[in-house]
Amino acid sequence: MRTRFIDACHRKPVDARPIWLMRQAGRYMSEYRKLRETYGILDLIKTPEMAVEVTMQPINAFDLDAAIIFADILPLLEGMGLNLEFIKGTGPLIDNPIRQAADIDKLHEPDPRESVAYTLKAITLARQVLKVPLIGFSGAPFTLACYAIEGGASRNFTRAKSLMYEQPKAWHQLMEKLSTLVGEYLFAQAEAGAQVLQLFDSWVGALSPDDYREYAMPYSAKAIRRAKESGCPVIHFGTNTSGMLPLIKEGGGDVIGVDWRIDISDARQILGPDVVIQGNLDPVQLYAPVSVLKDRVKTILDKMGDDPGYIFNLGHGLLPTTPVDHVAELIHFVHEYSSKAQGH
Ligand code: CP3
């Protein structure tokens with residue numbers, strides 16, 4: 001087992017910077033597109049053998065330091081009684097979203113060991129074939145609440161935030177239910193074999209810092225506390241969080257995800273030396289000529305110097321039209337350049 005990713009989560013010395021990429025399995029790979037000609041995304045996720053196959057596609061193609069189980073943040077909502085579909089070209093759709101307090105009372109409180117047993121099974125199977133560590137993940141309560149209330153992607157989250165402001169009691173009740181479920185789901189993934197756990201709070205940057213503190217952070221913190229009982233390192237990821245990194249840190253996690261809207265040296269200064277940082281490359285920089293891409297990567301690696309707590313990643317997921325050869329170049333370059341920088 002190659003452990004430099006887990007070592008970096010614990011701020012232990014590594015021979016080169018570990019790198020993995022959010023959404024490393026997906027449509028930018030022809031192997032994935034081929035499977036999607038026959039199967040829907042939910043078919044792939046809900047058939048453990050196929051989920052393992054997709055998990056392994058980027059691992060077999062590139063020299064990555066970690067795998068992430070092929071799943072999605074949204075199927076967890078199905079067990080609560082919400083109907084989930086992925087519509088070609090538009091993304092996820094929930095046709096019975098939460099619109100009022102009574103809808104929250106009606107939500108089921110499923111055991112993730114039953115409601116998403118397929119992902120737990122996929123984790124156990126993937127561990128049998130992997131030679132790099134496996135990451136399990138969940139959406140964070142706030143990001144899940146946004147989907148559950150909006151019913152799909154949204155620009156300004158007006159429905160979700162309106163419910164939050166107009167019916168705070170109902171909001172807190174929803175977040176209690178979601179945070180219990182998310183914590184239990186992360187813990188169950190560790191039991192099934194996941195070695196590191198990531199909480200995706202992709203849309204949390206839509207909140208002001210004060211609203212984050214009041215309406216979201218306590219619930220992420222609760223889920224992270226439960227996840228930590230497994231003994232696994234936890235990665236706390238969000239985007240558009242540059243204005244509230246100290247609060248994200250307060251929410252918990254051994255590793256904090258940062259996007260590209262902040263200079264990584266500033267992120268280190270704000271976060272302090274005692275957490276690991278993951279991320280920072282703009283996913284669209286992968287579309288740049290390789291020489292430009294390498295220049296940007298070099299800048300990030302130089303800024304992190306011999307800082308013991310850094311995991312290379314993008315600031316958000318890989319985009320579906322990313323040039324696949326640039327992904328290979330990126331991974332190779334991060335290893336090569338950082339092992340030289342560290343004197344190996
Ligand atoms: O990182 C990985 O390789 C693991 C797989 C993974 C997927 N979704 C597979 C997927 C992970 C970690 C996710 C997380 C996820 N899903 C998030 C949080 C991270 C982020 O990107 O912000 C969110 C918000 C979702 C919800 C979601 N799933 C949306 C909005 C969409 C549609 C948009 C799109 O890119 O098509 C999905 C679908 C989805 N989930 C795809 C993949 C590979 C594309 C599926 C396809 O059409 O084949």
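1. Phenylalanine 137 stands opposite glutamine 198, a residue of strand 5. The two strands concerned are strand 4 (residues 134-139) and strand 5 (residues 196-201), which pair in the parallel sense. Five bridges join them. Keep in mind that this is a predicted model.

2. As a general point, strands of a sheet pair through backbone hydrogen bonds, and the pairing may be parallel or antiparallel.

3. Strand 2 (residues 84-87) pairs with strand 3 (residues 91-94) in the antiparallel sense, over four bridges. Glutamate 85 stands opposite leucine 93 in strand 3. Strand 2 and strand 3 make a hairpin, with three residues between the strands. Glycine 89 takes a positive phi near 90 degrees in this hairpin.

4. Follow the chain on to asparagine 96. This residue lies in the loop between strand 3 and helix 6 (101-105). Is asparagine 96 buried, exposed or partly exposed? Its relative accessibility is 27%, so asparagine 96 counts as partly exposed. The cut-offs explain the label: buried means under 20%, and exposed means over 50%.

5. What does asparagine 96 touch, leaving aside its neighbours within four places in sequence? It is in contact with Gly81, Leu82 and Asn83. A polar atom of the asparagine 96 side chain lies 3.0 Å from the backbone oxygen of glycine 81. A polar atom of that side chain also lies 2.8 Å from the backbone nitrogen of asparagine 83. For a sense of scale, take asparagine 96 and valine 234: they are 138 residues apart in sequence and 32 Å apart in space, C-alpha to C-alpha.

6. Threonine 241 also sits in a loop, between strand 6 (234-238) and helix 13 (245-251). Here the relative accessibility is 2%, so threonine 241 counts as buried. Beyond its neighbours within four places in sequence, threonine 241 is in contact with Val204, Ile248 and Asp259.

7. Next, the nonpolar core. In soluble globular proteins, nonpolar side chains tend to be buried together. The largest nonpolar core of this model has 128 residues. Phe5, Leu77, Phe312 and Leu330 have the most contacts inside it. Helix 11 (residues 168-192) gives the most to this core, with 12 residues.

8. Last, the ligand. How many residues surround the ligand? There are 23, and the closest are Arg23, Tyr32, Arg36, Ser202 and His316. Arginine 23 has a backbone N or O atom 2.6 Å from an oxygen atom of the ligand. For alanine 25, a backbone N or O atom lies 3.1 Å from a ligand oxygen. Arginine 27 uses its side chain: a polar atom there lies 2.7 Å from an oxygen atom of the ligand. Taken alone, the ligand exposes 870 Å², and the protein buries 89% of that.

Key. Residues numbered from 1 in each chain as written. Predicted model: local features only at pLDDT ≥ 70, side-chain atom pairs only at ≥ 80, totals over all residues. Heavy atoms only, no water. Pairing = 2+ DSSP bridges. Core = buried A, V, L, I, M, F, W, Y, C linked by side-chain atoms within 4.5 Å. Buried < 20%, exposed > 50% of the residue type's maximum accessible area, 1.4 Å probe, protein only. Near = heavy atom within 4 Å. Polar contact = N/O pair within 3.5 Å; in protein donor to acceptor, adjacent residues only side chain to side chain. Areas by Shrake-Rupley, 256 points an atom, 1.4 Å probe, with all protein chains shown as cover. Contact = heavy atoms within 4.5 Å.
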